[in-house]
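Here is a quick look at a helix pair and a pocket. Have the model open as you read.

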Amino acid sequence: MQKFGAAQTAGRVEDVRFLTGQGRYVDDLAPMGALHAAFLRAPVAHGRITGLDFSDARAIPGVHLVMDAEGLEAAGVNLAMRAVVATNRDGTKGADPLRPVLAKGVMRFVGEPVAIVVADTAEAARDAIEAIVLDYEELPHNLAMDADGATIHPEAPGNRAFDYAMGDGAAVEAALSASAHRVVLEVVHNRVAVVSMEPRACMADWRDGRMHFAFGGQGVWNQKGELARMLGLPLEAVQVTNPDVGGGFGMKGMPHPEYIPVAAAARILGRPVRWASDRSEAMLSDNAARDLVAVTELGFDEGHRLTAYRARVRSNLGAYNSLFAQNIQSFLFSKVLTGPYDIPVAVLETEGFFTNTTPVDAYRGAGRPEAILTIERAMDHAARVLGVDPFDLRERNMIKAFPYKMVNGETIQDGDFPRVLKRLSAEADVAGYPARKAESAGRGLLRGMGLAFYIEAILGDPNETAKVEFRADGTVAVYVGTQSNGQGHETVYTRLLAERTGIPEGRIVIVQGDSDAIAKGGGTGGSRSVTMQGSAIHATAGAMVATFAAWLVDDLGEGVTFADGTFGAPGTNRRLTMIEAAELARDRGQASLLVHQETWQLQNRSFPNGGHVAEVEVDPETGQVSLVRYTVTDDFGNLISPQLVEGQVHGGVAQGFGQAVTENTAYDDQGQLLTGSFMDYAMPRATDLPFMTFTTEPVPTATNPLGMKGCGEAGTVGSLGAISNAVADALASVGVGHVDMPFTPVRVWQWIEEARAGHS
């Protein structure tokens with residue numbers, strides 16, 4: 001595997017298509033004459049609908065349909081969106097109130113869809129939205145995770161959605177009480193918007209009693225099931241496709257409310273209907289991310305070894321359960337609760353609350369960045385309180401013997417955390433940091449260094465299938481159950497099959513994102529794609545080789561082997577490539593040899609791990625935070641495509657920097673979004689990020705045949721803690737005792753001024 005990755009020199013398979021404008025996204029797919037949909041959205045955070053007058057909207061030329069929740073129900077649509085709910089600590093299930101695809105009677109957040117308009121043009125649809133008369137009675141709203149606030153759902157008294165616990169709370173309290181040192185820290189995780197490059201979009205086409213639904217997503221099967229359930233259709237009457245997708249990051253991994261009304265409208269009208277969100281609409285209605293507060297307690301003995309850990313989390317779900325939301329800051333958070341540390345006892349206690357804000361769901365890492373940020377902020381704070389080196393404190397407490405069973409019951413099969421940390425320290429030139437700090441001070445700047453060491457857990461469906469088909473036109477199709485959102489899947493899968501079979505890369509075609517062509521798949525998310533799909537391709541390639549080798553005995557003789565891309569046998573000079581073997585099978589009518597399919601099942605989860613070191617400079621006169629140096633050393637096991645891996649890490653770090661320093665979703669006290677455009681919501685720019693040093697210290701894993709551990713979300717998982725700890729380190733030198741993201745100039749400047757005032 002290392003040889004394969006090291007030999008990679010060519011560009012990505014997808015690059016020519018994308019760079020020459022040949023990509024095909026949802027908005028490119030709508031057939032000529034497709035109608036345009038638009039949505040009336042709630043103008044207030046909480047209000048009872050008392051009237052909807054559509055008469056003026058319906059009179060606008062070109063308008064074909066105006067419909068609210070009642071109209072959808074009359075058309076046979078099931079309004080209720082599905083959500084996975086957490087298991088409470090008492091064994092009951094979390095609250096699961098109705099989330100209708102269009103507000104039914106009550107609006108619960110600004111931007112909630114209330115009615116759909118379908119017209120000949122996007123302009124006519126928007127004009128009709130403006131012509132709708134919406135009457136409502138404003139209701140008391142609640143924006144805080146507050147059990148005493150206004151009730152949002154009767155099914156959730158005190159607005160509490162769930163109350164989750166993992167671990168032995170009594171044992172943790174006893175261990176903390178007996179510890180020589182007990183260190184407490186509160187960590188605030190700010191709310192962010194996903195802002196994928198391509199906003200959400202969909203297209204629905206009802207023909208001959210069958211629905212074709214195309215959308216920008218991370219897999220087609222979940223959406224297929226929901227369309228069938230909510231429209232009352234048999235599964236075989238629904239085809240869902242994902243074309244090229246301009247970024248997903250978890251947000252496109254679940255159904256959103258707009259998709260069902262668009263599909264219903266296409267069925268009602270018998271015409272294709274398209275919808276694409278604009279950026280401000282996306283800010284209002286796309287699932288948001290993070291938004292929690294964690295209070296941590298770490299116990300240490302006299303030798304500064306960890307004795308116990310407790311994390312108490314309050315999580316904001318927004319106005320409704322989105323599909324995965326309840327499990328993100330509970331079950332998924334718990335997967336990496338204790339990070340890379342050998343902690344005897346630990347407990348996670350999480351409460352989830354509904355508020356009158358946009359719902360929250362998965363975003364790059366989904367629970368694991370939050371868990372690692374929490375414990376890494378706590379470890380860095382403990383090092384400062386205890387007066388010990390943050391690298392030494394971590395190394396002293398790292399897991400050193402594998403396999404290791406964590407307190408959550410999960411087993412880390414393999415790793416070498418101290419080795420990775422040692423390499424990271426060398427690559428980051430920690431020894432040279434004092435000189436760099438002094439140089440910054442000479443320019444009037446505060447310099448800080450921050451370390452974060454993380455583990456990541458591969459998530460998602462533990463099964464994946466690959467089908468390889470030799471087509472009559474000479475191409476070889478590989479049908480996969482994952483969905484690229486820009487990561488380079490076509491490149492990895494193509495090269496993986498080519499390496500194992502000798503099939504020329506130029507003949508291989510990757511088929512993804514079509515529920516008619518691919519019966520089942522796990523989609524993309526949880527850093528699972530190449531681990532799962534690559535292992536399935538590996539298994540299928542192995543089965544192909546064995547099958548052809550057995551069949552070619554009559555042609556080549558006993559003992560057929562496959563090496564260097566060709567079949568051969570002792571005693572003969574005749575050689576056949578895989579392509580030639582398939583052509584021979586076709587000529588002889590052996591159709592069964594032209595299609596090969598295998599399913600691979602994950603038995604043990606892999607745990608990517610690594611360390612990030614960030615160095616920042618803070619201007620005390622302006623509060624400006626600049627990231628000036630960044631170093632990453634990871635253990636991803638074997639690297640299938642080093643170039644793509646490094647790109648994934650760079651992108652993840654950029655998203656972590658965005659949340660830590662520039663991005664923040666804000667509402668006013670009436671629940672109106674204040675950050676509804678890029679004028680107010682600050683995305684990181686290329687000039688905000690330094691060139692990064694990226695190295696790997698791989699420990700191949702036995703959890704899959706490729707020996708790889710996954711990498712897609714790791715950059716974000718590690719970067720939040722490293723950048724936060726660097727800012728905390730810089731500001732500690734001027735007496736700032738506590739910091740929280742986002743580190744915007746005005747916040748940082750205020751902390752510095754308050755510290756100065758306290759010292760005067």
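## Two packed helices

Helix α11 (residues 325–335) packs against helix α12 (residues 368–386) at about 70°, and their axes lie 8 Å apart. That makes α11 roughly perpendicular to α12, a label for angles of 65 to 115 degrees. Axes here are lines fitted to C-alpha atoms over the stretch in contact, with angles from 0 to 180 degrees between N-to-C directions. Helices are DSSP runs (H or I, at least four residues) and strands are E runs of at least two, numbered from the N terminus.

On the α11 side, I328, Q329, L332 and F333 meet R368, E370, A371 and T374 of α12, contact being heavy atoms within 4.5 Å. By class, that's four nonpolar, two polar and two charged residues. Ala, Val, Leu, Ile, Met, Phe, Trp, Tyr, Cys and Pro count as nonpolar, Asp, Glu, Lys and Arg as charged, and the others, Gly among them, as polar.

## The second largest pocket

Which residues sit nearest the centre of the second largest pocket? They're A38, F39, R126, D278 and E281, out of 21 lining residues. A pocket is an open set of points on a 1 Å grid where a 1.4 Å probe fits, with protein on both sides within 12 Å along at least five of seven lines; lining residues have an atom within 4 Å of a point.

Strand β1 gives the largest share of the lining, six residues. The lining splits into twelve nonpolar, two polar and seven charged residues.

## About the model

This is a predicted model: local features need pLDDT of at least 70, side-chain atom pairs count only at pLDDT 80 or more, and totals for chains, interfaces and linings use all residues. Residues are numbered from 1 along each chain as its sequence is written, and side-chain values use heavy atoms, leaving out hydrogens and water.

Conventions:
Parallel < 35°, antiparallel > 145°, perpendicular 65-115°, else oblique.
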